[in-house]
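Thanks for coming, everyone. Let me put the structure up, and then I'll walk through a few places in it.

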Amino acid sequence: MVATSVEDIRLQLRSWPEVEEYLKRSKGVIVPLGSTEQHGPTGAIGTDALTAEAVALEVGRRTGVLVTPAQAFGMAEHHLGFAGTMSLQPSTLLAVMHDLVLSLARHGFERIYVINGHGGNIATCKAAFAQAYGTAASRGLPNAGALRCKLANWFMAPEAMNLARELYGDKEGHHATPSEIAITLQLEPSLLSKQRPLPDPAPAGPIHGPEDFRRRHPDGRMGSDPSLATAEHGARFLDVSAAALAKDLERFLGEPAS
Ligand code: NI
């Protein structure tokens with residue numbers, strides 16, 4: 001795989017003959033998966049979608065693998081107590097991811113690499129993969145046996161977690177984290193004006209429904225101090241997570257189907 005331009009790997013900008021051509025040399029595709037949910041008193045609602053897409057485009061640029069449009073809505077039921085959050089129920093997200101995988105598999109894509117920006121999507125996305133394998137087989141897709149899906153959470157790449165620990169210590173927290181906010185500051189300079197010092201956050205704890213979440217975490221943060229984030233940090237997080245995921249993607253593409 002060779003580094004290329006972002007324009008070249010955006011599925012949105014390709015024609016169908018170009019995609020057919022691409023499939024002759026690669027069966028890999030990257031699907032960014034985010035969420036549209038509150039990110040504390042200063043963070044952007046679109047943080048998880050913005051970060052997942054930015055990491056995905058950078059991984060695509062470094063590997064030459066096509067990147068689909070971002071699935072910007074995820075499973076954010078527990079954030080619905082805060083204005084602006086838009087959530088898919090787990091069963092809805094499962095159906096969406098299942099259908100997207102099946103659409104891609106039908107054309108001959110066999111390695112579907114989902115770059116995720118939101119912890120709340122993980123369980124449902126893996127369930128969608130399990131269901132998609134079954135459907136691909138029952139529909140008799142010729143490549144059903146070769147179909148592989150993989151979930152890659154950029155914020156859980158060891159390199160990204162190490163950098164977060166180094167920069168923020170225990171102020172990284174669990175939601176509206178400085179690492180993800182840093183990437184949004186790098187991508188969208190208009191967000192810099194929202195940064196301000198914040199009081200100590202509510203600690204992380206169990207997650208139940210939206211009312212309980214708001215009671216436990218009144219400003220939306222879980223143990224995090226996003227005021228520590230800078231755009232320069234964001235560039236570093238993008239670089240280390242894209243490098244880690246690009247390597248992981250190359251391994252995934254190289255795995256034999258059987
Ligand atoms: Ni987030």
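A disulfide, for today, is a pair of cysteine sulfur atoms within 2.5 Å. Keep that cut-off in mind. This is a predicted model, where local features need pLDDT of at least 70, side-chain atom pairs count only at pLDDT 80 or more, and totals for chains, interfaces and linings use all residues. Residues are numbered from 1 along each chain as its sequence is written, and side-chain values use heavy atoms, with hydrogens and water left out.

Cysteines, then. How many disulfides does the structure hold? The count is 0. Take Cys 125. The closest cysteine sulfur to its own is in Cys 149, 8.2 Å away, and that is too far for a bond. Cys 149 is likewise in no disulfide. Cys 125 is buried, at a relative accessible area of 0%. Cys 149 counts as buried too, at 11%.

Helices here are DSSP runs (H or I, at least four residues), and they are numbered from the N terminus. Two packed helices are described by the angle between their axes and the distance between the axes. Axes are lines fitted to C-alpha atoms, for helices over the stretch in contact, and angles run from 0 to 180 degrees between N-to-C directions.

First pair: H4, residues 90-107, and H5, residues 122-138. Their axes come within 8 Å and cross at roughly 45°. That makes H4 oblique to H5. The scale is this: under 35 degrees is roughly parallel, over 145 roughly antiparallel, 65 to 115 roughly perpendicular, and the rest oblique. Contact means heavy atoms within 4.5 Å. On the H4 side, the residues that meet H5 include Leu 93, Met 97 and Val 101. On the H5 side, Cys 125 is one of the residues that meet H4, and so are Ala 128 and Phe 129. The residues of this contact divide into 12 nonpolar, 4 polar and no charged. Nonpolar covers Ala, Val, Leu, Ile, Met, Phe, Trp, Tyr, Cys and Pro; charged covers Asp, Glu, Lys and Arg; the others, Gly among them, are polar.

Look at Gly 234, in helix H9. Gly 234 is buried, with 0% relative accessible area. What does Gly 234 touch, not counting residues up to four places away in sequence? Ala 182, Ile 183 and Gln 186. Its C-alpha atom is 6.9 Å from that of Ser 179, 55 residues apart along the chain.

Now two loops. Ala 176 sits between helix H6 (158-168) and helix H7 (178-187). Ala 176 is not a glycine, yet its phi is positive, about 55°. Ala 176 is buried as well, at 0%.

Last stop: Met 222, in the loop between helix H8 (210-216) and H9. Met 222 is buried, at 5% relative accessible area. Leaving aside neighbours within four places in sequence, its contacts include Gly 173, His 174, His 175 and Phe 213.

Methods
Buried means under 20% relative accessible area, exposed over 50%, partly exposed in between (1.4 Å probe, protein chains only).
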